[in-house]
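The notes follow the order in which I checked them.

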Amino acid sequence: MHAPSIWMSSLALAAASGWFAATMFAQPATSKEPRFPQLTMDQLTDAQKPLGEQIMKVSSVGLGGPYNPMIRSPVLGQRLYDLFYYLRWQTSVPTRLNEFAILIIGRQWRSQVEWFAHAPLAAKAGLSAGVIAELKQGKRPTSMAEDEAVVYDFVTELTTTKKVSDETYARAKKIFNDQQIVDLTAVAGNYVMVAMMLAMAEETVPPGKEEPFKVGEN
């Protein structure tokens with residue numbers, strides 16, 4: 001496997017350190033007990049530690065986000081981590097478009113952690129601030145490039161109508177090869193699963209950080 005780029009690893013480790021500092025010293029916003037108390041590396045069992053070490057090398061939220069519940073089931077967690085790794089760093093889909101697909105799912109689910117983690121990555125990969133802002137408002141972005149428009153329509157159609165029309169598929173085929181279409185479909189489905197994991201566990205952004213989606217907003 002090819003390792004992620006140096007900047008990504010550095011960013012991930014820095015963010016992870018910030019996550020743990022905030023988690024350990026900030027007071028919870030409510031008195032409700034977390035469904036899955038935040039784990040630290042020191043608390044991991046022998047079965048969990050190898051996965052925890054891999055997560056810490058790449059995660060922008062340390063052992064937080066989906067990794068906090070995932071690591072409770074270390075065999076499943078390892079299988080999911082391997083899938084995440086491919087769909088983030090080895091996928092055939094260009095990073096800008098891959099991150100855009102993740103944000104589309106994050107917006108559909110109003111997933112605080114998905115948007116918090118991936119909006120900066122999408123911007124870093126070249127997705128414009130205008131596209132990100134309009135998507136966050138629940139709109140179909142008006143200033144998308146042709147390949148971005150195909151990703152938006154393909155992912156949105158598939159996840160909302162449970163099919164892809166011949167017209168949309170033909171547009172995708174003009175831009176993507178077969179592997180890219182399969183990988184694009186997989187990343188969308190994967191991040192629906194991630195959003196479900198986050199929702200079930202009631203995971204949110206690190207303490208002291210602002211949630212992207214506010215109560216009462218569409």
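A crossing is called right-handed if the near helix is turned clockwise from the far one by less than a right angle, and left-handed if anticlockwise. I note that the model is a predicted one.

**Entry 1: H5 and H8.** I looked up the pair with this in mind and found that H5 passes H8 in a right-handed crossing. The contact holds eight nonpolar, four polar and three charged residues by class. H5 covers residues 95–109 and H8 covers residues 146–161, and their axes come within 10 Å, crossing at roughly 40 degrees. I therefore put H5 and H8 down as oblique to each other. On the H5 side I listed Arg96, Leu97, Phe100, Ala101, Ile104, Ile105 and Gln108. They meet Asp147, Glu148, Val151, Tyr152, Val155, Thr156, Thr159 and Thr160 of H8. For the spacing of such lists I recalled that an α-helix has 3.6 residues a turn, so residues three or four places apart point the same way.

**Entry 2: H10 by itself.** I next checked the length of H10, residues 178–201. Its 24 residues should span 34 Å at 1.5 Å a residue, and the end C-alpha atoms are 35 Å apart, which agrees. At the N-terminal end I found a cap from Asn177, with a side-chain oxygen 3.1 Å from the backbone nitrogen of Gln179. After H10 comes Glu202, and its phi is positive, near 55 degrees.

**Entry 3: H4 and H10.** Which way does H4 pass H10, left-handed or right-handed? I recorded a left-handed crossing for H4 and H10. The axes of H4 (residues 74–90) and H10 come within 10 Å and cross at roughly 130 degrees. H4 and H10 are therefore oblique to each other. From H4 the contact takes Leu80, Leu83, Phe84, Tyr86, Leu87 and Arg88. From H10 it takes Gln179, Asp183, Ala186, Val187, Asn190, Tyr191, Met193, Val194 and Met197. By class I have eleven nonpolar, two polar and two charged residues in the contact of H4 with H10.

**Entry 4: H6 and H10.** I then looked up H6, residues 112–124, which packs on H10 at an angle of about 125 degrees with the axes 8 Å apart. H6 and H10 are therefore oblique to each other. Val113, Glu114 and His118 of H6 meet Tyr191, Val194, Ala195 and Leu198 of H10. I classed the contact of H6 with H10 as five nonpolar, one polar and one charged. Going back over the lists, I saw Tyr191 and Val194 of H10 in the contact with H4 and also in the contact with H6.

How values were computed. Residues numbered from 1 in each chain as written. Predicted model: local features only at pLDDT ≥ 70, side-chain atom pairs only at ≥ 80, totals over all residues. Heavy atoms only, no water. Axes fitted to C-alpha atoms, helices over the stretch in contact; angles between N-to-C directions. Helix = DSSP H or I, 4+ residues; strand = E, 2+ residues; numbered from the N terminus. Parallel < 35°, antiparallel > 145°, perpendicular 65-115°, else oblique. Contact = heavy atoms within 4.5 Å. Nonpolar A, V, L, I, M, F, W, Y, C, P; charged D, E, K, R; others polar. Expected span 1.5 Å × (residues − 1). Polar contact = N/O pair within 3.5 Å; in protein donor to acceptor, adjacent residues only side chain to side chain.
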